[in-house]
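Please keep the sequence and the structure in view while reading.

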Amino acid sequence: MRRWTTDPQGARDAATLLPVTAAILLLPPLILVFAAPVLVAGVPLIVVYVFGIWAGIVLCAWLLARNLARVPDAVDPDGDANGEVDARSLADRR
């Protein structure tokens, strides 16, 4: 069975497209499609749409952030693969 691997460029691309997609989904012309006088469990459809999109954006952002945190960056001059710098190397630079 083949393991799923993360593609760092794909995750960065998705992180770039997420705010654009969110903005498009929350534009008034698209939101007004759901402004029909319909109730879903006693809640207007437009409210369900807006909060559903918001929840989806937050979930996608969380998944992308978790995914991007696992992707190692290029090796920095200190030799750390994740780009983290410890306090001793910061003190040496001063």
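## Confidence of the model

The structure is a predicted model. Across the protein chain the mean pLDDT is 78, and 67% of the residues reach 70 or more. Confidence is highest in strand β2 (residues 43-44), at 92. It is lowest in helix α4 (residues 87-93), where the mean is 56. Where pLDDT is low, the predicted coordinates should not be read in detail.

## Overall layout

The secondary structure of the protein chain consists of four helices and two strands. Read from the N terminus, the elements follow the order α-α-β-β-α-α.

The chain has 94 residues, and 12% of them count as buried. Buried here means a relative accessible area under 20%, while exposed means over 50%.

## Helix α1

Helix α1 covers residues 8-25, which makes 18 residues. From its first C-alpha to its last it reaches 25 Å, close to the 26 Å expected at 1.5 Å a residue.

Where does α1 bend? The bend, of about 30°, is at L17, and a proline, P19, follows within four residues. Three residues of α1, namely A11, L18 and A22, are buried. P8 also belongs to helix α1, but P8 counts as partly exposed because its relative accessible area is 28%, a value that lies between the limits for buried and exposed.

P8 and L68 are 60 residues apart along the chain, and their C-alpha atoms are separated by 7.2 Å.

Helix α3 contains C60, and L63 is in helix α3 as well. C60 is 46 residues from A14 in sequence, and the distance in space is 9.3 Å, C-alpha to C-alpha. For L63 and A11, which are 52 residues apart along the chain, the C-alpha atoms are separated by 9.8 Å. A11 is one of the buried residues of α1. Why does C60 count as partly exposed? Its relative accessibility is 36%, which falls between the two limits. L63 is likewise partly exposed, because its relative accessible area is 38%.

## A loop residue with positive phi

A41 is located in the loop between β1 and β2. Its phi is positive, about 55°, although A41 is not a glycine. Is A41 buried or exposed? A41 counts as exposed because its relative accessibility is 79%, and the limit for this class is over 50%.

V38 counts as partly exposed because its relative accessibility is 40%.

Definitions and conventions
Residues are numbered from 1 along each chain as its sequence is written. This is a predicted model: local features need pLDDT of at least 70, side-chain atom pairs count only at pLDDT 80 or more; totals for chains, interfaces and linings use all residues. Side-chain values use heavy atoms; hydrogens and water are left out. Buried means under 20% relative accessible area, exposed over 50%, partly exposed in between (1.4 Å probe, protein chains only). pLDDT is the predictor's confidence in each residue, from 0 to 100. The expected span of a helix is 1.5 Å times one less than its number of residues. The bend at a residue is the angle between axes fitted to the seven residues ending there and the seven starting there.
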